[in-house]
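Colleague: Could you take me through how to read this model, starting with the confidence values and then turning to the strands?

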Amino acid sequence: MIFNRDKSGEPQAAQPKPAQPQTAQPQPAALKPDQTAKPAEPLRPAITTSQTPTKAGANMASVISKALKITGELESTEDIQIDGQIEGDVRGVGVKIGQNAKVKGTVYGDDVELAGTVEGKIEAKKVLISGTARMTGDIWHQDIKVESGAYINGSLKPELGKSDAKQAPKPATATTSSNVSSLTGTTGAPHH
Amino acid sequence: MLTLTRKSEVQHPEGRTMQTEAEAPPSLLGPGVGIQGVLEIDGELVISGVVKGRIAALKLVIAPGGYVEGDIVAREVVISGRLNGRIFAPTVSIAASAEVEGRIFHTSVSVERGARVNGRMPWRPVSYFDTLDQLPENRE
């Protein structure tokens, strides 16, 4: 929601702080959220507040790039693309696990697309296992599609949601306004 | 642990990045994302969500609305959001919208007018960060 600001052209509108003289604000780059000059980004010497919204403003989806390794728990109330490595549980809504991605742990979600590797478990209403996927562990689902070429070592269990205990714990999707509380509230959620 | 010195020379004199750097887009953690644990990235990480735990990155950006609780080791840190923890980075930029609580170990730091910074800012030579490939838990 923060990043939507640069589309409206007034990046400071939602800022709770009193108005401050931000000399860096009227940068031309901030007005072009569609700009995809990502390769040039890391060397830009000028560090400004408006630089960040530029990059993320184009697509709101969260991306765990292949260079990122996470050890711990991840939860998201928005769609997420995973291309890196995660050791731990993932709780999301729409979760796309890319070809080079590797997840060790349970993936919870509404809609999970797997093209990479999961060692653990998937609990999702809708599951798509593409041909490049490598799944070791059980898949709890309501609806599943498996493409030719996929490696699955585990059971497919269509009982997701039939018993209340197995229902994937979903983070609150209705109000994503306060992202800070989303983690604090549910980190210790018990499972298996 | 990832060595932060590996690609420290990303800025070529003529202003072009190395290929390896160009290939990897930054990781984005949106406002709805919360992570508890250790994050290691050999590249850039932009946080608009909540992260509780250690972060090691080449460049870390805490965007407006982002919140990090824990220690950060990076070559460059840009903060527009909130941080509660230590920073170990040669280059640190704190924007006006930032709220920082904790020590900032730096060689070069900039704080924009309006930023809330509560904590010491110890200066260290660049060599201190070159040898720093993981968090000095007990070092000051």
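Colleague: Which elements of chain A have the lowest and the highest mean pLDDT?

Modeller: The general idea is that pLDDT is the predictor's confidence in each residue, from 0 to 100. Among the elements of chain A, the lowest mean, 39, belongs to helix α2 (residues 51-57) of chain A, and the highest, 97, to strand β4 (residues 85-87) of chain A. Over residues 1-59 of chain A the pLDDT is below 50, although this stretch has 90 contacts in the model beyond near neighbours in sequence; a contact requires C-beta atoms, placed from the backbone, within 7 Å. Residues 164-192 of chain A also stay under 50, with 46 contacts beyond four places in sequence. For chain A the mean pLDDT is 70, and 53% of its residues reach 70 or more. This is a predicted model, in which local features need pLDDT of at least 70 and side-chain atom pairs count only at pLDDT 80 or more, while totals for chains, interfaces and linings use all residues. Residues are numbered from 1 along each chain as its sequence is written, and chains are lettered from A and ligands numbered from 1 in the order in which they are written.

Colleague: How many helices and strands does the secondary structure of each chain come to?

Modeller: Helices (H or I, at least four residues) and strands (E, at least two) are DSSP runs, numbered from the N terminus. By that reading chain A has three helices and eleven strands, whereas chain B has two helices and 14 strands.

Colleague: Why is strand β5 (residues 55-62) of chain B described as largely enclosed?

Modeller: A residue is buried if 20 or more other C-beta atoms lie within 10 Å of its own, exposed if 12 or fewer, and partly exposed in between, with C-beta atoms placed from the backbone. Eight of the eight residues of β5(B) are buried, so the strand is largely enclosed by the rest of the structure. Of the 140 residues of chain B, 53% count as buried, and of the 192 residues of chain A, 40% do.

Colleague: Which strand pairs with β5(B) over seven bridges, and in what sense?

Modeller: Two strands pair if DSSP finds at least two bridges between them. Strand β7 (residues 72-79) of chain B is joined to β5(B) by seven bridges in the parallel sense, with B:I62 opposite B:I79 in β7(B). Strand β3 (residues 44-47) of chain B is also parallel to β5(B), over four bridges, and here B:E44 stands opposite B:K59. Strand β2 (residues 33-41) of chain B runs parallel to β5(B) with two bridges, and B:E40 faces B:A56.

Conventions. Contact = placed C-beta atoms within 7 Å.
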